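Subject: Structure for your review

Dear colleague,

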Amino acid sequence: MMSAPQIKIPATYMRGGTSKGVFFKLDDLPASAQQAGAARDNLLLRVIGSPDPYAKHTDGMGGATSSTSKTVILSKSSQPNHDVDYLFGQVAIDKPFIDWSGNCGNLTAAVGSFAISNGLVAADRIPENGVCIVRIWQANIKKTIIAHVPITNGEVQETGDFELDGVTFPAAEVQIEFLDPAADEADGGGAMFPTGNLVDDLEVPGVGNFKATLINAGIPTIFINAADIGYTGVELQDVINNDTKALAMFETIRAYGALKMGLIKDVSEAAARQHTPKVAFVAPATGYVSSSGKQVTATDIDLVVRALSMGKLHHAMMGTAAVAIGTAAAIPGTLVNIAAGGVEREAVRFGHPSGTLRVGAEAKLIDNNWQVTKAIMSRSARVLMEGWVRVPMGV
């Protein structure tokens, strides 16, 4: 019996923020995978090593966590006044499924660097020394993101002294601007606050009734108070991820929150939309020891936030969820703003399992509707490996 040979595909393995993933140029993919559909999904699943009943990704490039089971496809932009189109796929670990419903804010930090290094940004836009402004069209959510990428001697500068909690080593700082991060009317849940309320009563059968802020900014997110579900807001991963009952509770909250936000029409549909919405719980600033052993004091932060991604508590904070946190914190009356002290603010520093993060947002009340023009945060990015990935022909 003849066995299929392996094919090799140009790829780059990159860290962006507290995530890492496999990056491809669209025209480097096999022709059948250059369009959305089963051929593309099957190829990327095999690249990552999913589905894996052992939850190890031993036979692929994934890391068997929501932060490391990611793929990115980039191409020269089809949009006016943009440099690159960025498509993100969140790969399920134990199912043959890729969720294309949202963005990865962390990997966004690597998009500009990849685009510059791979000829997707016009040469006359890249300074010899300074900062290159990369205009990114986020194709999943149809939004503009601006990356400020440091350049030294005409090439992307990756090393530096910028420290990001959740990342072991320092690197060069990359500032990211998420423009008009609230959802458009055509996008699932519609407006930034899809119910029209800053705080809703969220009824979750079999779990309880909770106050919740349901927001579409950066990524659809359900915020609840930590105390309402029996937590303090300073929990680390093992407390949540080793508790199957807690994980089931959060998934039920996520499903009913998605329904209330208008992202799905029936709670059963939540299983096919694992990447969005996110669930996060908040509490007033409290001191704790981070996962690295770093002491975080209450005076270091404005509030504490813990968020789940792909069914598990995230080891730090998703970049898109940080946008949602910054946006909600800027709007008086949301649960996030109340936990942060209930004052008007243009930036917030919050505590997460790995340490702290600062994110800014510009919010305005116009005709009784809240609008956010942009959210800003700093991340870093680095090429880990480049060359080719190999997969069996015909997957």
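D83 is buried in this predicted model, because its relative accessible area is 7%, below the 20% limit for that class. The residue sits in the loop that links β3 (70-76) to β4 (84-91). One is the side chain of R125, joined to that of D83 by a polar contact of 3.1 Å. The other is the backbone nitrogen of R135, 2.7 Å from a polar atom of the D83 side chain. Leaving aside residues up to four places away in sequence, D83 touches S75, K76, S77, L120, V121, R125, I133, V134 and R135.

I also examined helix α1, which spans residues 38-48. Its buried residues are R40, L43, L44, L45, V47 and I48. These pack against β1 (6-16), β2 (19-25), β3, β4, β5 (98-99) and β21 (381-392). Just after the helix, G49 adopts a positive phi of about 100°.

Finally, the largest pocket holds about 760 Å³ of space. Its lining comprises 35 residues, of which A64, T65, S66, I93 and K312 are the closest to the centre. At least two lining residues come from each of β2, β4, α3 (237-241), α4 (244-261) and β17 (312-313). By type, the lining divides into 10 nonpolar, 18 polar and seven charged residues.

With kind regards

Terms used:
Residues numbered from 1 in each chain as written. Predicted model: local features only at pLDDT ≥ 70, side-chain atom pairs only at ≥ 80, totals over all residues. Heavy atoms only, no water. Helix = DSSP H or I, 4+ residues; strand = E, 2+ residues; numbered from the N terminus. Buried < 20%, exposed > 50% of the residue type's maximum accessible area, 1.4 Å probe, protein only. Polar contact = N/O pair within 3.5 Å; in protein donor to acceptor, adjacent residues only side chain to side chain. Contact = heavy atoms within 4.5 Å. 1 Å grid on protein atoms, 1.4 Å probe; cavity = no way out; pocket = protein on both sides within 12 Å on 5 of 7 lines; lining within 4 Å. Points joined across faces, edges and corners; volume = space filled by probe spheres on them. Nonpolar A, V, L, I, M, F, W, Y, C, P; charged D, E, K, R; others polar.
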